[in-house]
Amino acid sequence: MSATSGSFHIDDKTVEFPVKVGTLGPPVVDIGQLYGKTGTFTFDPGFMSTAACESKITYIDGDEGILLHRGYPIDQLAEHGDFLEACYLLLYGELPTVAQKADFDYRITRHTMVHDQMNRFFSGFRRDAHPMAVMVGCVGALAAFYHDSTDISDPQQRMIASLRMIAKMPTIAAMAYKYNIGQPFVYPKNDLDYASNFLRMCFAVPCEEYKVNPVLARALDRIFILHADHEQNASTSTVRLAGSTGANPFACIAAGIAALWGPAHGGANEICLRMLMDIGTVDRIPHFIARAKDKNDPFRLMGFGHRVYKNFDPRAKIMHKTCHEVLNELGIKDDPLLDVAIELERIALHDEYFVERKLYPNVDFYSGITLKAMGFPTTMFTSLFAVARTVGWIAQWKEMIEDPNQKIGRPRQLYTGAPSREYMPISKR
Ligand code: CMC
C-alpha cells in the first residue's frame with residue numbers, strides 16, 4: 001500500500017482505494033466505495049481497525065501514552081489552565097484570550113440554573129435511584145424544557161444548547177445526589193468557579209455556611225479537565241451516531257450518558273472502588289490477582305487496562321499526583337483502601353501477566369480514591385465523569401453536524417441467522 005492508495009484483492013478482482021493521511025496517527029484506507037465496487041462489506045466488530053469519522057479535536061497515541069486536545073498535551077492543560085478554558089478549547093479550537101475567557105465564563109455561569117419545574121421532575125424518581133439513571137432521564141428531558149435550542153440547523157441554537165448543557169450538568173448531577181440523600185437542592189452560586197460551585201451544590205446545606213476548600217476545588221477541576229474528551233470512545237461514538245439522525249442535542253447527550261454508565265467505560269471508577277473495598281486488606285490481594293489471571297474466571301482488575309493506551313495512561317499520571325494532594329490536604333494517611341490501592345498498583349506494574357499485556361492503572365483507578373476522599377459516594381463517580389465529558393460529547397457532536405459531508409451513521413452486518421423460510425401458521429407448529 002502506498003501513502004496515497006491501497007489495493008485489495010477480492011476473489012479475482014483488484015480494486016484501488018484512496019489512502020487518507022491525517023496530521024498524526026496511522027493513515028486510513030477510505031473503503032466507502034468497497035461495497036459498490038465489490039459487493040463486499042468489511043467486518044470489524046468493536047472497531048478494532050476502523051476510523052468511524054474524521055476529527056480535529058483530540059488525538060491519542062496509545063503506545064506512547066499521548067493525549068492532545070486541539071494539539072495541546074493534556075498535562076499542560078491540566079497544569080496551567082482550568083476546566084472552562086479546556087471547554088473553550090474543545091468547542092472553538094483555540095485557547096481563549098483573557099477577554100474571550102471572561103466572556104465564556106460569564107456565559108456558562110448565566111446558564112447554571114435549571115428550569116424550576118425540573119425540581120418537580122426529580123421527585124418522580126425513587127429516592128434510592130442511581131444518579132446516572134436520574135441523569136439519563138433529566139438530561140433527555142431538557143429538550144422538553146428548552147424548545148428554543150433544539151433546532152440543530154441553527155448555529156445560534158446549537159451554541160446555546162451547548163452552553164446550557166455544560167452549565168447545567170453539574171446542577172443536575174448535584175440535584176441527583178441531594179435528592180438521593182434526602183437533602184434540599186442547593187442552587188448554583190454564580191460568583192464561584194465551576195468546580196467550587198459543584199462542590200457547594202453537593203455538600204452545602206441551607207442551615208450552615210459552606211466554605212469551599214481551594215485544594216479540593218482545584219483537584220476536582222483537574223478531574224474534570226482529565227475527563228473532558230477522549231476521542232471516539234464508546235459514549236462519544238454513541239453521541240455521534242444519535243446525532244447523525246438529526247436528533248436534538250439534549251437527546252444525543254442523554255444517549256452518551258447511558259453509554260458512559262457501563263462498567264467497561266465510565267462506570268469503571270465506581271466498580272473499581274467497590275473492588276478495592278471487596279479486597280479490603282493487603283493480604284487478600286494475591287487471591288484477587290490470581291482471579292484476574294484465571295481465564296475461567298470473568299473477574300477483571302477494575303481500573304487496569306485500556307483499549308487504546310498500551311502504555312501509562314497520561315491522565316493517570318496527573319491523577320496520581322492529584323490524588324496524593326487531596327489525601328495530604330485531608331490528612332488521610334492510614335486509609336486501608338489506599339494501602340490496597342498502592343500495593344495493587346505495585347504488583348500490577350511488576351507482575352509478568354500485567355506487564356506483558358500492558359495493563360497499566362488507568363485514570364479511573366486514581367480518580368475513585370480521590371473522589372471518595374473528597375466525600376463523594378461511589379454512586380456519584382460516573383455522574384462526575386458525565387459532567388466532565390459533556391463538553392467532549394458536545395464538541396464532537398457540533399463538529400459532526402457542521403461537517404458538510406455528514407451522513408446518517410448506518411453500520412452493516414454479517415448476517416448468520418436463518419435463511420428465508422415460509423411462515424407456518426401457529427396451529428401447524
Ligand atoms: N484485568 C485482568 N486482565 C485483563 C484486564 C484487567 N483489567 N484487562 C484486560 N485484561 C487481559 C484480557 O483478559 C486479555 O488477556 P488474554 O490476551 O490472555 O486473553 C488481554 O488483557 C487483552 O484484553 P482485551 O479485553 O482484549 O482488551 P480490550 O482493549 O478489549 O479491553 C478494557 C480494554 C478497558 C475494556 C479492559 O482492559 C478492562 O475490562 N479493564 C477494566 C475496566 C476498566 O478499568 N475500564 C476503564 C477504562 S478507562 C476509562 C475510559 O476511558 O472509559
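This is a predicted model: local features need pLDDT of at least 70, side-chain atom pairs count only at pLDDT 80 or more; totals for chains, interfaces and linings use all residues.
1. Three strands form an open sheet in the order 1-2-3, and their pairing is antiparallel. Strand 1 (5–10) and strand 3 (28–29) are the edge strands; each has a single partner strand, so one side of each has no neighbour in the sheet.

2. Strand 1 and strand 2. Strand 2 covers residues 13–20 and runs antiparallel to strand 1, to which six bridges join it. Two of the residue pairs can be named here. Phenylalanine 8 lies opposite valine 15 of strand 2, and histidine 9 has threonine 14 in strand 2 as its bridge partner. The two strands make a hairpin with two residues between them, and in the turn aspartate 11 has a positive phi of about 55°.

3. Strand 4 and strand 5. A second hairpin is made by strand 4 and strand 5, with four residues between them; glycine 65, in the turn, has a positive phi of about 70°. Strand 4 (residues 58–61) and strand 5 (residues 66–69) are antiparallel and joined by four bridges. Isoleucine 60 faces leucine 67 across the pair, the latter being in strand 5.

4. Leucine 142. This residue belongs to helix 6 (residues 131–145). Its relative accessibility is 1%, so leucine 142 counts as buried, the cut-off being under 20%. Leaving out residues up to four places away in sequence, leucine 142 touches Met118, Met165, Lys168, Ile172 and Phe250. Alanine 254 is 112 residues from leucine 142 along the chain, yet their C-alpha atoms are separated by 9.5 Å.

5. Leucine 344. Helix 15 (residues 336–350) contains leucine 344, which is buried with a relative accessible area of 0%. Its contacts, with residues up to four places away in sequence not counted, are Met275, Leu276, Ile279, Ile285, Ile289, Leu301, Phe304 and Phe365. From leucine 344 to alanine 228 the separation is 116 residues in sequence and 27 Å in space, C-alpha to C-alpha.

6. Cysteines. A disulfide is a covalent bond between the sulfur atoms of two cysteines. The count of disulfides in this model is zero. For cysteine 87, the nearest cysteine sulfur is that of cysteine 202, 17 Å away, and cysteine 87 is in no disulfide; the cut-off is a pair of sulfur atoms within 2.5 Å. Cysteine 87 is buried, with 0% relative accessible area. Cysteine 202 is likewise in no disulfide, and its nearest cysteine sulfur, from cysteine 138, is 14 Å away. Cysteine 202 is buried too, at a relative accessible area of 1%.

7. The second largest pocket. This pocket holds about 210 Å³ of space. Its lining has 21 residues, and those nearest its centre are Leu84, Leu192, Asp193, Tyr194 and Ala195. At least two lining residues come from each of helix 4 (98–109), helix 7 (155–181), helix 8 (194–203) and helix 9 (214–226). Helix 8 has the largest share, with five residues. By class, the lining is made up of nine nonpolar, six polar and six charged residues.

8. The largest cavity. The structure has two cavities of 30 Å³ or more. The volume of the largest cavity is about 70 Å³. Its lining consists of Met113, Val114, Asp116, Asn119, Thr171, Met175, Phe185, Val186, Tyr187 and Pro188. Seven of these are nonpolar, two polar and one charged.

9. The second largest cavity. Here the volume is about 50 Å³. Cys323, His324, Leu338, Ala341, Ile342, Glu345, Phe365, Tyr366 and Ile369 form the lining. Helix 14 (314–329), helix 15 and helix 17 (363–374) are the elements that give two or more residues to this lining. Helix 15 gives the most, with four residues. The lining divides into seven nonpolar residues, one polar and one charged. Phe365, one of the residues lining this cavity, is also among the contacts of leucine 344.

Technical notes. Residues are numbered from 1 along each chain as its sequence is written. Side-chain values use heavy atoms; hydrogens and water are left out. Two strands pair if DSSP finds at least two bridges between them. Buried means under 20% relative accessible area, exposed over 50%, partly exposed in between (1.4 Å probe, protein chains only). Contact means heavy atoms within 4.5 Å. On a 1 Å grid over the protein atoms alone, a cavity is a set of points where a 1.4 Å probe fits but cannot get out, and a pocket is an open set with protein on both sides within 12 Å along at least five of seven lines; lining residues have an atom within 4 Å of a point. Grid points are joined across faces, edges and corners, and a volume is the space filled by probe spheres set on the points. Ala, Val, Leu, Ile, Met, Phe, Trp, Tyr, Cys and Pro count as nonpolar, Asp, Glu, Lys and Arg as charged, and the others, Gly among them, as polar.
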